[in-house]
Amino acid sequence: MKHSLIKAASAATIFLALGAGSAQAAYPERAITLVVPTAAGGGNDVLARVVGQKVGELLGQTVIVVNKPGAQGAIASDYVARQPADGYTLMLGYIGTHGINPAMQKLNYDPVKDFTPIGMVADSPTIMVVNTQLPIQDVASLVKYGHEHPDALSFASAGPGTAPAVAGELFNQATGTQMLDVPYKGSAPALTDTLAGTTQVMFPSLFSVYPHLKSGMIKAIAVAGATRTEALPNLPTLAEAGVPGVEVPQWYAIFAPAKADAAVVATLNKALNQALADPSVKTKIAEQGAEVRSSSPAELGAFVQSEAVRWKQLASKQKLAAR
């Protein structure tokens, strides 16, 4: 009887082990949710849907994009950080959620400790744009206009702690202009009002504004980055236009909650990088003004750590803070 019980227990152990291995190997067994921390219709949302659809095809499951805007990405970030680390809830993080915003205020999540990096997705430069009704041709004329009409200019942002807001504040500090920051719940509504002339200036990612630039509905006057962009090779950087120190390159990446299983992370990273290598995905992203950028989870993790340090130092030096 004793030997029979031992054999039965051993068989049960083997069965459970095989079952666990099969369950793990079967990931994903159901739909995956990809949380976007900004409003629908913006660059982040478009990017998530393009990449999510292809990743879903590769994994054989639907990737459902869910928008959770608000608090400059903190609402979505905090939500994802508290979800089970099973690979079924992911987040499209970006420079605001994992770089700028945590450096400017105390949040309920840590951009490094509370997330598992999956992989980079894309880069897109920050572009300084103006409403076409303004008598502005370049950066110099904008600065002159701003000094002569100190209460006439406002810049739309996706809220304090976001790249458009920080770029605008750094520009004000560097030029002595007093453009008013008008915050929105994401780049899409901010851009809508800039196109309409409700606000006059904006610092969106090229990914967000590229279609409107091509149609002539808005005017680009500079790149808020260290180098020019291939998409607009004749557009000078702000430094070239006489305004150094305003460099806010935007990036996008996929994260899972902390302590996600290594096998699940590897599966997701492989599918993500395969999706980014797909010519149709590359074309769709390039057509919007962004450039594919893939990575390993470790490379993304190291990058986020470096961004956290960089933005804390800059926030302290320039006295940047969420308002």
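Author: Gladly. This is a predicted model, and buried residues make up 50% of the 323 residues in the chain. The chain holds 11 helices and 11 strands.

Reader: What makes histidine 98 count as buried or exposed?

Author: The cut-off for buried is under 20% relative accessible area. Histidine 98 has a relative accessible area of 0%, so the residue is buried. Histidine 98 sits in helix H4, residues 95-104.

Reader: Which residues is histidine 98 in contact with, leaving aside its neighbours within four places in sequence?

Author: Among them are Met91, Gly93, Trp251, Phe255 and Glu307.

Reader: And what makes the pair histidine 98 and threonine 97 a polar contact?

Author: A polar contact needs N or O atoms within 3.5 Å, and for residues adjacent in sequence both must be side-chain atoms. The side chains of histidine 98 and threonine 97 are joined at 2.8 Å, so the pair meets that distance cut-off.

Reader: Why is threonine 227 called exposed?

Author: Exposed means over 50% relative accessible area. The value for threonine 227 is 57%, so the label exposed applies. Threonine 227 belongs to the loop between E9 and strand E10 (250-257). Its C-alpha atom is separated by 9.4 Å from that of leucine 238, 11 residues apart along the chain.

Reader: What makes E3 and E10 a pair?

Author: Two strands pair if there are at least two bridges between them. E3 and E10 have 4 bridges, in the antiparallel sense, so they pass that cut-off.

Reader: Why are strands E7 and E9 called edge strands?

Author: Let's start with their sheet. It is an open sheet of 5 strands in the order E7-E6-E8-E5-E9, with mixed pairing. Strand E7 (180-183) and strand E9 (218-223) each pair on one side only, and are the edge strands. E7 is joined to strand E6 (residues 154-157) by 4 bridges, running parallel, and phenylalanine 155 of the one stands opposite aspartate 181 of the other. Helix H6 (residues 163-175) packs on this sheet, touching strand E5 (127-131), E6 and E7. The direction of H6 makes about 155° with that of E6.

Reader: How do you know that the buried residues of H5 line one face of the helix?

Author: In helix H5 (residues 139-148), the buried residues are Val139, Leu142, Val143, Tyr145 and Gly146. Seen down the axis of H5, they fall within an arc of 165°, so they line one face. An α-helix has 3.6 residues a turn, so residues three or four places apart point the same way. The buried residues of H5 pack against E5, H6, strand E8 (201-202) and E9.

Technical notes. Residues are numbered from 1 along each chain as its sequence is written. This is a predicted model: local features need pLDDT of at least 70, side-chain atom pairs count only at pLDDT 80 or more; totals for chains, interfaces and linings use all residues. Side-chain values use heavy atoms; hydrogens and water are left out. Helices (H or I, at least four residues) and strands (E, at least two) are DSSP runs, numbered from the N terminus. Contact means heavy atoms within 4.5 Å. Axes are lines fitted to C-alpha atoms, for helices over the stretch in contact, and angles run from 0 to 180 degrees between N-to-C directions. Buried means under 20% relative accessible area, exposed over 50%, partly exposed in between (1.4 Å probe, protein chains only). A polar contact is a pair of N or O atoms within 3.5 Å; within protein, one must be able to donate a hydrogen and the other to accept it, and residues adjacent in sequence count only if both atoms are side-chain atoms. The arc is that of the directions from the helix axis to the C-beta atoms.
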